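Open the model in your viewer and keep the selection tool at hand. Each stop below tells you what to pick and what to look for.

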Amino acid sequence: MADRLERSRSALLKLKRMIVENEQDFIDALHSDLGKSPVEAYASEIALTLNEIDYLLKNHRRFLKNRRAICRPGTTAIVSRRPYGSVLIMSPWNYPFQLALLPLAGALAAGNSCFLKPSELAPATSGLISRLVADVFSPDDVCVVEGDGSVAAELLSQNWDFIFFTGSERVGSIIAEQAARLRIPCILELGGKCPCIVDAESVNEVTARRIIWGKFFNAGQTCVAPDHLYVEASALPALLEELKNQLRLLYGPDHLLSDDYGRIIGRKHFDRLLSMLSDGTVYLGGSYQTDQLYIEPTIITEPDLNSALMQEEIFGPLLPIITWSDQDQLMHDLQSRPAPLVVYAFCRDKHLINRLQDELISGAFCLNNVLEHVARAELPFGGVGNSGYGRYHGKASIDAFTWQKTIYKKSQSFDLRLKYPPYENKHLKMVRIIRRWLP
Ligand code: NAD
(Lines give C-alpha, C1' and ligand atoms only; values in the text may rest on other atoms or scores of the structure.)
Protein backbone atom coordinates (compact mmCIF):
# COMPACT_ATOMS: atom_id res chain seq x y z
CA MET A 1 0.00 0.00 0.00
CA ALA A 2 2.77 2.45 0.95
CA ASP A 3 4.48 1.74 -2.37
CA ARG A 4 1.27 2.29 -4.27
CA LEU A 5 0.66 5.62 -2.53
CA GLU A 6 4.22 6.72 -3.21
CA ARG A 7 3.85 5.79 -6.89
CA SER A 8 0.61 7.78 -7.16
CA ARG A 9 2.12 10.76 -5.43
CA SER A 10 5.12 10.71 -7.70
CA ALA A 11 2.85 10.47 -10.80
CA LEU A 12 0.78 13.43 -9.63
CA LEU A 13 3.90 15.49 -8.99
CA LYS A 14 5.21 14.63 -12.46
CA LEU A 15 1.92 15.65 -14.03
CA LYS A 16 1.90 18.91 -12.11
CA ARG A 17 5.47 19.71 -13.12
CA MET A 18 4.70 18.89 -16.74
CA ILE A 19 1.83 21.38 -16.70
CA VAL A 20 3.57 24.16 -14.79
CA GLU A 21 6.74 24.00 -16.87
CA ASN A 22 4.80 24.13 -20.15
CA GLU A 23 2.01 26.47 -19.18
CA GLN A 24 2.63 28.97 -21.98
CA ASP A 25 2.78 26.23 -24.61
CA PHE A 26 -0.57 24.91 -23.43
CA ILE A 27 -2.08 28.41 -23.54
CA ASP A 28 -0.79 28.82 -27.11
CA ALA A 29 -2.12 25.41 -28.14
CA LEU A 30 -5.56 26.20 -26.72
CA HIS A 31 -5.55 29.48 -28.60
CA SER A 32 -4.61 27.71 -31.78
CA ASP A 33 -7.37 25.09 -31.39
CA LEU A 34 -10.23 27.22 -30.09
CA GLY A 35 -9.11 30.86 -30.08
CA LYS A 36 -9.24 30.78 -26.28
CA SER A 37 -7.95 33.90 -24.54
CA PRO A 38 -5.04 33.28 -22.16
CA VAL A 39 -7.19 34.10 -19.12
CA GLU A 40 -9.98 31.78 -20.21
CA ALA A 41 -7.49 29.03 -21.07
CA TYR A 42 -5.69 29.37 -17.76
CA ALA A 43 -8.79 29.65 -15.58
CA SER A 44 -10.93 26.92 -17.11
CA GLU A 45 -8.30 24.44 -18.14
CA ILE A 46 -4.94 24.84 -16.40
CA ALA A 47 -6.01 26.26 -13.01
CA LEU A 48 -8.84 23.74 -12.69
CA THR A 49 -6.49 20.85 -13.38
CA LEU A 50 -3.73 22.14 -11.10
CA ASN A 51 -6.26 22.66 -8.30
CA GLU A 52 -7.49 19.12 -8.74
CA ILE A 53 -3.93 17.77 -8.61
CA ASP A 54 -3.16 19.80 -5.47
CA TYR A 55 -6.36 18.58 -3.85
CA LEU A 56 -5.55 14.97 -4.70
CA LEU A 57 -1.96 15.33 -3.50
CA LYS A 58 -3.27 16.62 -0.18
CA ASN A 59 -6.04 14.06 0.26
CA HIS A 60 -5.46 10.93 -1.79
CA ARG A 61 -3.81 9.08 1.12
CA ARG A 62 -6.91 9.69 3.24
CA PHE A 63 -9.32 8.80 0.43
CA LEU A 64 -7.47 5.55 -0.28
CA LYS A 65 -7.15 4.49 3.33
CA ASN A 66 -8.61 1.11 4.24
CA ARG A 67 -11.95 1.47 5.98
CA ARG A 68 -12.63 -0.68 9.03
CA ALA A 69 -16.08 -2.09 8.52
CA ILE A 70 -16.88 -4.54 11.34
CA CYS A 71 -15.43 -4.81 14.79
CA ARG A 72 -16.66 -7.90 16.58
CA PRO A 73 -14.79 -10.21 18.83
CA GLY A 74 -12.84 -12.68 16.72
CA THR A 75 -13.62 -10.85 13.43
CA THR A 76 -11.97 -8.08 11.47
CA ALA A 77 -13.27 -6.69 8.23
CA ILE A 78 -11.89 -3.89 6.16
CA VAL A 79 -12.80 -2.39 2.82
CA SER A 80 -9.77 -1.73 0.72
CA ARG A 81 -9.76 0.52 -2.35
CA ARG A 82 -7.88 -1.02 -5.26
CA PRO A 83 -6.98 0.60 -8.57
CA TYR A 84 -8.69 -1.02 -11.57
CA GLY A 85 -5.38 -1.50 -13.37
CA SER A 86 -5.28 -0.21 -16.91
CA VAL A 87 -7.69 2.62 -17.60
CA LEU A 88 -8.69 4.05 -20.98
CA ILE A 89 -9.59 7.76 -20.93
CA MET A 90 -11.22 9.28 -24.01
CA SER A 91 -11.77 13.01 -24.15
CA PRO A 92 -13.54 15.61 -26.33
CA TRP A 93 -12.28 18.79 -27.98
CA ASN A 94 -14.05 21.61 -26.15
CA TYR A 95 -11.78 21.67 -23.08
CA PRO A 96 -9.10 19.48 -24.66
CA PHE A 97 -6.57 19.99 -21.86
CA GLN A 98 -8.73 19.81 -18.76
CA LEU A 99 -11.04 17.01 -19.89
CA ALA A 100 -8.02 14.84 -20.66
CA LEU A 101 -5.70 15.68 -17.77
CA LEU A 102 -8.18 16.10 -14.92
CA PRO A 103 -9.53 12.54 -15.15
CA LEU A 104 -5.96 11.40 -15.74
CA ALA A 105 -4.98 12.97 -12.39
CA GLY A 106 -7.76 11.03 -10.65
CA ALA A 107 -6.84 7.77 -12.33
CA LEU A 108 -3.17 8.20 -11.42
CA ALA A 109 -3.97 9.22 -7.85
CA ALA A 110 -5.96 6.01 -7.51
CA GLY A 111 -2.90 4.04 -8.67
CA ASN A 112 -3.83 3.05 -12.23
CA SER A 113 -1.83 3.03 -15.39
CA CYS A 114 -3.55 5.07 -18.06
CA PHE A 115 -4.07 5.20 -21.76
CA LEU A 116 -5.26 8.58 -22.97
CA LYS A 117 -7.02 9.27 -26.29
CA PRO A 118 -7.47 13.03 -26.67
CA SER A 119 -9.72 14.54 -29.33
CA GLU A 120 -8.45 14.76 -32.89
CA LEU A 121 -10.42 18.01 -33.31
CA ALA A 122 -8.04 19.91 -31.03
CA PRO A 123 -4.75 18.81 -32.66
CA ALA A 124 -2.44 21.44 -31.14
CA THR A 125 -3.40 20.53 -27.59
CA SER A 126 -3.58 16.82 -28.32
CA GLY A 127 -0.12 16.86 -29.95
CA LEU A 128 1.43 18.78 -27.08
CA ILE A 129 -0.06 16.47 -24.45
CA SER A 130 1.17 13.47 -26.39
CA ARG A 131 4.72 14.81 -26.72
CA LEU A 132 5.07 15.93 -23.13
CA VAL A 133 3.56 12.79 -21.62
CA ALA A 134 6.02 10.70 -23.64
CA ASP A 135 8.88 12.81 -22.23
CA VAL A 136 7.72 12.72 -18.63
CA PHE A 137 6.07 9.35 -18.04
CA SER A 138 7.11 5.79 -18.65
CA PRO A 139 4.72 4.22 -21.21
CA ASP A 140 3.82 1.67 -18.53
CA ASP A 141 2.31 4.47 -16.46
CA VAL A 142 0.78 6.83 -19.02
CA CYS A 143 0.52 6.47 -22.75
CA VAL A 144 -1.16 8.84 -25.20
CA VAL A 145 -2.51 7.79 -28.56
CA GLU A 146 -3.71 10.41 -31.00
CA GLY A 147 -6.31 9.76 -33.67
CA ASP A 148 -9.91 9.92 -34.74
CA GLY A 149 -12.94 7.76 -34.15
CA SER A 150 -11.42 4.79 -36.00
CA VAL A 151 -8.40 4.80 -33.67
CA ALA A 152 -10.79 5.15 -30.74
CA ALA A 153 -12.85 2.22 -32.01
CA GLU A 154 -9.70 0.11 -32.29
CA LEU A 155 -8.73 1.04 -28.74
CA LEU A 156 -12.19 0.10 -27.55
CA SER A 157 -11.74 -3.45 -28.72
CA GLN A 158 -8.91 -3.96 -26.22
CA ASN A 159 -9.44 -5.49 -22.83
CA TRP A 160 -9.32 -2.51 -20.46
CA ASP A 161 -10.02 -2.70 -16.76
CA PHE A 162 -11.97 0.56 -16.83
CA ILE A 163 -13.13 3.12 -19.40
CA PHE A 164 -13.70 6.79 -18.70
CA PHE A 165 -15.40 8.57 -21.56
CA THR A 166 -16.32 12.23 -22.03
CA GLY A 167 -18.14 13.17 -25.21
CA SER A 168 -21.39 13.02 -27.12
CA GLU A 169 -24.44 10.90 -26.35
CA ARG A 170 -24.05 9.18 -29.72
CA VAL A 171 -20.50 7.97 -29.11
CA GLY A 172 -21.30 7.38 -25.42
CA SER A 173 -23.82 4.74 -26.46
CA ILE A 174 -21.17 2.98 -28.59
CA ILE A 175 -18.77 3.00 -25.63
CA ALA A 176 -21.41 1.65 -23.24
CA GLU A 177 -22.35 -1.16 -25.64
CA GLN A 178 -18.76 -2.21 -26.18
CA ALA A 179 -17.98 -1.97 -22.47
CA ALA A 180 -21.01 -4.13 -21.66
CA ARG A 181 -19.95 -6.69 -24.27
CA LEU A 182 -16.52 -7.01 -22.68
CA ARG A 183 -17.87 -6.50 -19.12
CA ILE A 184 -15.69 -3.46 -18.56
CA PRO A 185 -16.96 -0.96 -16.00
CA CYS A 186 -17.22 2.55 -17.39
CA ILE A 187 -18.18 6.12 -16.69
CA LEU A 188 -19.91 8.26 -19.29
CA GLU A 189 -19.69 12.04 -19.05
CA LEU A 190 -22.07 13.20 -21.77
CA GLY A 191 -23.82 16.37 -22.83
CA GLY A 192 -27.35 17.64 -23.16
CA LYS A 193 -29.38 20.81 -22.93
CA CYS A 194 -28.94 22.61 -19.61
CA PRO A 195 -31.88 24.95 -19.03
CA CYS A 196 -31.62 28.22 -17.14
CA ILE A 197 -34.77 29.52 -15.48
CA VAL A 198 -35.14 33.20 -14.65
CA ASP A 199 -37.99 34.67 -12.62
CA ALA A 200 -39.13 38.28 -12.95
CA GLU A 201 -37.67 39.38 -9.61
CA SER A 202 -34.18 38.21 -10.58
CA VAL A 203 -33.79 40.17 -13.77
CA ASN A 204 -30.92 42.50 -13.05
CA GLU A 205 -27.36 43.33 -14.11
CA VAL A 206 -25.68 40.51 -12.16
CA THR A 207 -28.03 37.85 -13.54
CA ALA A 208 -27.46 39.07 -17.09
CA ARG A 209 -23.67 39.29 -16.66
CA ARG A 210 -23.45 35.75 -15.27
CA ILE A 211 -25.64 34.31 -18.01
CA ILE A 212 -23.73 36.06 -20.80
CA TRP A 213 -20.41 35.00 -19.32
CA GLY A 214 -21.47 31.35 -18.87
CA LYS A 215 -23.12 31.08 -22.26
CA PHE A 216 -20.43 32.70 -24.38
CA PHE A 217 -17.39 31.39 -22.48
CA ASN A 218 -15.46 29.28 -25.00
CA ALA A 219 -17.96 30.54 -27.62
CA GLY A 220 -20.71 28.47 -26.01
CA GLN A 221 -18.83 25.19 -26.49
CA THR A 222 -19.22 24.09 -22.87
CA CYS A 223 -21.19 21.02 -21.82
CA VAL A 224 -22.49 22.85 -18.73
CA ALA A 225 -23.24 26.17 -20.48
CA PRO A 226 -26.81 27.37 -20.11
CA ASP A 227 -28.20 25.97 -23.35
CA HIS A 228 -31.42 28.02 -23.37
CA LEU A 229 -33.28 30.40 -21.07
CA TYR A 230 -36.77 30.19 -19.65
CA VAL A 231 -37.68 33.70 -18.54
CA GLU A 232 -40.88 34.80 -16.82
CA ALA A 233 -42.87 36.43 -19.62
CA SER A 234 -43.42 39.80 -17.92
CA ALA A 235 -39.64 40.27 -17.56
CA LEU A 236 -38.58 39.39 -21.11
CA PRO A 237 -38.07 42.98 -22.37
CA ALA A 238 -36.06 43.93 -19.26
CA LEU A 239 -33.90 40.79 -19.51
CA LEU A 240 -33.20 41.32 -23.21
CA GLU A 241 -32.08 44.86 -22.47
CA GLU A 242 -29.75 43.71 -19.65
CA LEU A 243 -28.32 40.88 -21.79
CA LYS A 244 -27.63 43.32 -24.62
CA ASN A 245 -25.82 45.72 -22.25
CA GLN A 246 -23.72 42.97 -20.76
CA LEU A 247 -22.73 41.57 -24.14
CA ARG A 248 -21.43 44.96 -25.11
CA LEU A 249 -19.61 45.40 -21.78
CA LEU A 250 -17.98 41.96 -21.83
CA TYR A 251 -17.00 41.68 -25.49
CA GLY A 252 -17.09 45.28 -26.77
CA PRO A 253 -19.16 46.75 -29.60
CA ASP A 254 -17.53 44.47 -32.19
CA HIS A 255 -17.23 40.92 -30.81
CA LEU A 256 -15.17 39.85 -33.81
CA LEU A 257 -12.42 42.15 -32.57
CA SER A 258 -12.51 40.89 -29.00
CA ASP A 259 -9.46 38.81 -28.03
CA ASP A 260 -11.57 37.30 -25.28
CA TYR A 261 -14.14 35.67 -27.53
CA GLY A 262 -13.37 32.21 -28.91
CA ARG A 263 -13.92 30.47 -32.25
CA ILE A 264 -15.88 27.40 -33.32
CA ILE A 265 -13.80 24.23 -33.36
CA GLY A 266 -14.31 23.28 -37.01
CA ARG A 267 -16.37 23.60 -40.16
CA LYS A 268 -18.80 20.79 -39.36
CA HIS A 269 -19.85 22.34 -36.06
CA PHE A 270 -19.82 25.82 -37.62
CA ASP A 271 -22.27 24.74 -40.35
CA ARG A 272 -24.44 22.91 -37.81
CA LEU A 273 -24.72 26.10 -35.75
CA LEU A 274 -25.45 28.30 -38.77
CA SER A 275 -28.33 26.04 -39.73
CA MET A 276 -29.88 26.68 -36.29
CA LEU A 277 -29.93 30.45 -36.81
CA SER A 278 -33.22 30.22 -38.68
CA ASP A 279 -34.95 28.21 -35.93
CA GLY A 280 -36.27 31.38 -34.25
CA THR A 281 -36.16 35.17 -34.42
CA VAL A 282 -32.65 36.61 -34.14
CA TYR A 283 -32.97 39.39 -31.56
CA LEU A 284 -29.26 40.20 -31.40
CA GLY A 285 -26.19 39.00 -33.30
CA GLY A 286 -26.47 36.38 -36.00
CA SER A 287 -23.49 37.46 -38.09
CA TYR A 288 -20.55 35.15 -38.84
CA GLN A 289 -17.27 34.89 -40.71
CA THR A 290 -16.58 31.52 -42.22
CA ASP A 291 -12.83 31.92 -42.76
CA GLN A 292 -12.39 32.68 -39.05
CA LEU A 293 -14.98 30.16 -37.81
CA TYR A 294 -16.51 33.10 -35.96
CA ILE A 295 -20.17 33.24 -34.99
CA GLU A 296 -21.34 36.34 -33.22
CA PRO A 297 -22.90 35.85 -29.77
CA THR A 298 -26.53 35.51 -30.75
CA ILE A 299 -29.76 35.83 -28.81
CA ILE A 300 -32.83 34.19 -30.34
CA THR A 301 -36.43 34.74 -29.27
CA GLU A 302 -39.53 32.71 -30.12
CA PRO A 303 -37.56 29.57 -31.03
CA ASP A 304 -39.44 26.78 -32.76
CA LEU A 305 -39.72 24.19 -30.00
CA ASN A 306 -39.55 21.33 -32.50
CA SER A 307 -36.46 22.65 -34.29
CA ALA A 308 -32.87 21.43 -33.93
CA LEU A 309 -32.14 24.56 -31.87
CA MET A 310 -34.54 23.37 -29.18
CA GLN A 311 -34.22 19.61 -29.60
CA GLU A 312 -30.44 19.16 -29.89
CA GLU A 313 -27.58 20.28 -27.69
CA ILE A 314 -26.59 23.69 -29.13
CA PHE A 315 -22.93 23.68 -28.04
CA GLY A 316 -22.24 27.09 -29.55
CA PRO A 317 -22.91 30.82 -29.12
CA LEU A 318 -26.67 30.80 -29.76
CA LEU A 319 -28.95 31.59 -26.84
CA PRO A 320 -32.64 30.87 -27.41
CA ILE A 321 -35.10 32.38 -24.94
CA ILE A 322 -38.50 30.91 -24.14
CA THR A 323 -41.02 32.60 -21.88
CA TRP A 324 -43.14 31.11 -19.12
CA SER A 325 -45.94 32.47 -17.00
CA ASP A 326 -47.30 29.45 -15.17
CA GLN A 327 -45.06 27.49 -12.80
CA ASP A 328 -46.89 24.19 -13.27
CA GLN A 329 -46.59 24.45 -17.02
CA LEU A 330 -42.90 25.40 -16.68
CA MET A 331 -42.25 22.35 -14.49
CA HIS A 332 -44.13 20.15 -16.91
CA ASP A 333 -42.04 21.43 -19.86
CA LEU A 334 -38.80 20.94 -17.98
CA GLN A 335 -39.75 17.48 -16.81
CA SER A 336 -40.61 16.37 -20.31
CA ARG A 337 -37.02 16.95 -21.47
CA PRO A 338 -34.09 14.53 -21.03
CA ALA A 339 -32.14 14.93 -17.79
CA PRO A 340 -29.35 17.54 -18.22
CA LEU A 341 -25.97 17.88 -16.52
CA VAL A 342 -27.25 20.88 -14.59
CA VAL A 343 -30.35 22.99 -14.09
CA TYR A 344 -29.61 26.68 -13.54
CA ALA A 345 -31.97 29.09 -11.85
CA PHE A 346 -31.85 32.80 -11.21
CA CYS A 347 -34.84 33.04 -8.93
CA ARG A 348 -36.05 34.72 -5.76
CA ASP A 349 -39.32 32.80 -5.50
CA LYS A 350 -38.52 30.21 -2.81
CA HIS A 351 -41.36 27.92 -3.80
CA LEU A 352 -40.12 27.82 -7.40
CA ILE A 353 -36.52 27.32 -6.28
CA ASN A 354 -37.54 24.32 -4.18
CA ARG A 355 -39.51 22.80 -7.03
CA LEU A 356 -36.65 23.22 -9.51
CA GLN A 357 -34.17 21.81 -7.02
CA ASP A 358 -36.25 18.86 -5.84
CA GLU A 359 -38.58 17.87 -8.65
CA LEU A 360 -36.21 17.92 -11.62
CA ILE A 361 -33.73 15.19 -12.44
CA SER A 362 -30.30 16.61 -13.30
CA GLY A 363 -26.64 16.02 -12.43
CA ALA A 364 -26.61 19.29 -10.46
CA PHE A 365 -28.75 22.26 -9.51
CA CYS A 366 -27.12 25.66 -9.40
CA LEU A 367 -28.81 28.81 -8.08
CA ASN A 368 -27.79 32.32 -9.13
CA ASN A 369 -24.62 31.30 -10.92
CA VAL A 370 -23.35 29.24 -13.81
CA LEU A 371 -20.38 26.92 -14.47
CA GLU A 372 -18.75 27.59 -11.08
CA HIS A 373 -19.84 24.38 -9.33
CA VAL A 374 -17.82 22.36 -11.85
CA ALA A 375 -14.59 23.96 -10.73
CA ARG A 376 -14.69 22.67 -7.13
CA ALA A 377 -12.70 19.53 -6.38
CA GLU A 378 -14.88 19.06 -3.28
CA LEU A 379 -17.97 18.50 -5.44
CA PRO A 380 -18.66 15.34 -7.44
CA PHE A 381 -19.34 16.09 -11.11
CA GLY A 382 -21.34 14.08 -13.61
CA GLY A 383 -24.67 13.52 -15.29
CA VAL A 384 -27.75 11.39 -14.90
CA GLY A 385 -29.99 9.72 -17.48
CA ASN A 386 -29.13 11.03 -20.95
CA SER A 387 -26.31 13.21 -19.63
CA GLY A 388 -24.35 10.16 -18.48
CA TYR A 389 -23.49 8.25 -15.33
CA GLY A 390 -20.70 8.13 -12.78
CA ARG A 391 -18.98 10.95 -10.94
CA TYR A 392 -15.46 12.35 -10.75
CA HIS A 393 -13.45 15.29 -9.35
CA GLY A 394 -11.68 15.05 -5.96
CA LYS A 395 -12.81 12.16 -3.79
CA ALA A 396 -15.33 11.15 -6.44
CA SER A 397 -12.38 10.53 -8.80
CA ILE A 398 -10.77 8.18 -6.30
CA ASP A 399 -14.10 6.37 -5.92
CA ALA A 400 -14.49 6.30 -9.71
CA PHE A 401 -11.09 4.84 -10.50
CA THR A 402 -10.99 2.20 -7.75
CA TRP A 403 -12.99 -0.83 -6.81
CA GLN A 404 -13.74 -1.91 -3.28
CA LYS A 405 -12.28 -5.13 -2.01
CA THR A 406 -13.80 -6.61 1.12
CA ILE A 407 -11.26 -8.32 3.34
CA TYR A 408 -12.85 -10.43 6.04
CA LYS A 409 -10.88 -12.35 8.66
CA LYS A 410 -12.14 -14.61 11.40
CA SER A 411 -10.35 -16.27 14.27
CA GLN A 412 -10.71 -20.01 14.78
CA SER A 413 -10.96 -19.81 18.54
CA PHE A 414 -14.77 -19.79 18.66
CA ASP A 415 -17.14 -21.64 16.34
CA LEU A 416 -20.90 -21.36 16.79
CA ARG A 417 -22.13 -24.91 16.45
CA LEU A 418 -25.81 -24.18 15.84
CA LYS A 419 -25.22 -22.64 12.41
CA TYR A 420 -24.22 -26.04 11.05
CA PRO A 421 -26.58 -28.86 10.12
CA PRO A 422 -28.16 -31.07 11.13
CA TYR A 423 -30.66 -28.46 12.32
CA GLU A 424 -33.16 -29.09 15.05
CA ASN A 425 -36.44 -27.26 15.65
CA LYS A 426 -35.03 -25.30 18.56
CA HIS A 427 -32.27 -23.93 16.33
CA LEU A 428 -34.64 -21.69 14.39
CA LYS A 429 -35.85 -20.13 17.63
CA MET A 430 -32.29 -19.56 18.83
CA VAL A 431 -31.17 -18.15 15.49
CA ARG A 432 -34.06 -15.68 15.65
CA ILE A 433 -32.95 -14.56 19.09
CA ILE A 434 -29.30 -14.09 18.15
CA ARG A 435 -30.09 -12.73 14.64
CA ARG A 436 -28.25 -9.46 15.27
CA TRP A 437 -25.05 -11.25 16.23
CA LEU A 438 -24.99 -13.56 13.24
CA PRO A 439 -22.91 -14.82 11.63
P1 NAD B 1 -17.45 12.89 -29.46
O2 NAD B 1 -18.34 11.93 -28.77
O3 NAD B 1 -17.62 13.09 -30.91
O4 NAD B 1 -15.91 12.51 -29.24
C5 NAD B 1 -15.39 12.23 -27.95
C6 NAD B 1 -14.22 11.26 -28.09
O7 NAD B 1 -14.70 10.03 -28.64
C8 NAD B 1 -13.13 11.76 -29.01
O9 NAD B 1 -11.88 11.43 -28.44
C10 NAD B 1 -13.37 10.99 -30.29
O11 NAD B 1 -12.20 10.76 -31.06
C12 NAD B 1 -13.91 9.67 -29.76
N13 NAD B 1 -14.75 8.98 -30.76
C14 NAD B 1 -15.36 9.48 -31.84
N15 NAD B 1 -16.03 8.52 -32.52
C16 NAD B 1 -15.83 7.38 -31.84
C17 NAD B 1 -16.25 6.03 -32.02
N18 NAD B 1 -17.02 5.66 -33.04
N19 NAD B 1 -15.88 5.11 -31.11
C20 NAD B 1 -15.12 5.47 -30.07
N21 NAD B 1 -14.70 6.73 -29.83
C22 NAD B 1 -15.04 7.67 -30.70
O23 NAD B 1 -17.64 14.28 -28.67
P24 NAD B 1 -17.01 15.69 -29.01
O25 NAD B 1 -17.66 16.23 -30.22
O26 NAD B 1 -15.53 15.60 -28.97
O27 NAD B 1 -17.47 16.53 -27.72
C28 NAD B 1 -18.68 17.19 -27.63
C29 NAD B 1 -19.63 16.43 -26.73
O30 NAD B 1 -19.04 16.14 -25.50
C31 NAD B 1 -20.86 17.25 -26.42
O32 NAD B 1 -22.00 16.45 -26.47
C33 NAD B 1 -20.61 17.70 -25.00
O34 NAD B 1 -21.76 18.00 -24.24
C35 NAD B 1 -19.90 16.53 -24.44
N36 NAD B 1 -19.10 16.93 -23.29
C37 NAD B 1 -19.44 16.46 -22.05
C38 NAD B 1 -18.72 16.86 -20.96
C39 NAD B 1 -19.03 16.38 -19.57
O40 NAD B 1 -18.20 16.57 -18.71
N41 NAD B 1 -20.16 15.76 -19.32
C42 NAD B 1 -17.65 17.74 -21.12
C43 NAD B 1 -17.35 18.19 -22.39
C44 NAD B 1 -18.07 17.77 -23.47
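Predicted model: local features only at pLDDT ≥ 70, side-chain atom pairs only at ≥ 80, totals over all residues.

**Stop 1: the domains**

Colour residues 2-190 together with 385-403; the domain assignment calls this domain 1. Taken over C-alpha atoms, the two domain centres are 29 Å apart. How many residues of each domain are in contact with the other? Domain 1 has 17, and they meet 20 of domain 2.

**Stop 2: the largest pocket**

Stay with both domains in view. The largest pocket lies between them, because domain 1 and domain 2 both give residues to its lining. Its volume is about 1200 Å³. Now select Gly167, Ser168, Glu169, Arg170 and Val171. Of the 42 lining residues, these are the closest to the pocket's centre.

Next, show the secondary structure around the pocket. Helices α6 (149-156), α7 (169-181), α10 (267-276) and α11 (308-311) each supply at least two lining residues, and so does strand β6 (162-166). Which element gives the largest share of the lining? Pick α7, with five residues. Colour the lining by class and you get 17 nonpolar, 13 polar and 12 charged residues.

**Stop 3: the cavities**

The whole structure has three cavities of 30 Å³ or more. The largest cavity holds about 50 Å³ of space. To find it, select Gly192, Cys194, Lys215, Gly220, Thr222 and Cys223.

**Stop 4: α2 against α5**

Two packed helices are described by the angle between their axes and the distance between the axes. Select α2 (residues 23-34) and α5 (residues 123-136). Their axes come within 7 Å and cross at roughly 150°. That angle makes α2 roughly antiparallel to α5. Show side chains on α2 for Asp25, Phe26, Ala29, Leu30, Ser32 and Asp33. On α5, show Pro123, Ala124, Thr125, Leu128, Ile129 and Leu132. These residues make the contact. Eight of them are nonpolar, two polar and two charged.

**Stop 5: α3 against α4**

Move to α3 (residues 38-64) and α4 (residues 98-109). Here the angle is about 10°, with the axes 9 Å apart. Are these helices roughly parallel or roughly antiparallel? The angle makes α3 roughly parallel to α4. From α3, the contact uses Ser44, Glu45, Leu48, Thr49, Glu52, Ile53, Leu56, His60 and Leu64. From α4, select Gln98, Leu101, Leu102, Ala105, Gly106 and Ala109. The contact residues divide into eight nonpolar, five polar and two charged.

**Stop 6: two backbone details**

Most residues other than glycine have a negative phi, and most peptide bonds are trans. Zoom in on asparagine 218, in the loop between α8 (205-216) and β9 (228-232). Its phi is near 55°, a positive value in a residue other than glycine.

Last, go to proline 422, in the loop between β18 (402-410) and α15 (425-433). Look at the peptide bond that joins proline 421 to proline 422. This bond is cis, with omega near 0°.

Definitions and conventions
Residues numbered from 1 in each chain as written. Heavy atoms only, no water. Axes fitted to C-alpha atoms, helices over the stretch in contact; angles between N-to-C directions. Helix = DSSP H or I, 4+ residues; strand = E, 2+ residues; numbered from the N terminus. Parallel < 35°, antiparallel > 145°, perpendicular 65-115°, else oblique. Contact = heavy atoms within 4.5 Å. Nonpolar A, V, L, I, M, F, W, Y, C, P; charged D, E, K, R; others polar. 1 Å grid on protein atoms, 1.4 Å probe; cavity = no way out; pocket = protein on both sides within 12 Å on 5 of 7 lines; lining within 4 Å. Points joined across faces, edges and corners; volume = space filled by probe spheres on them. Domains from an automatic or database assignment.
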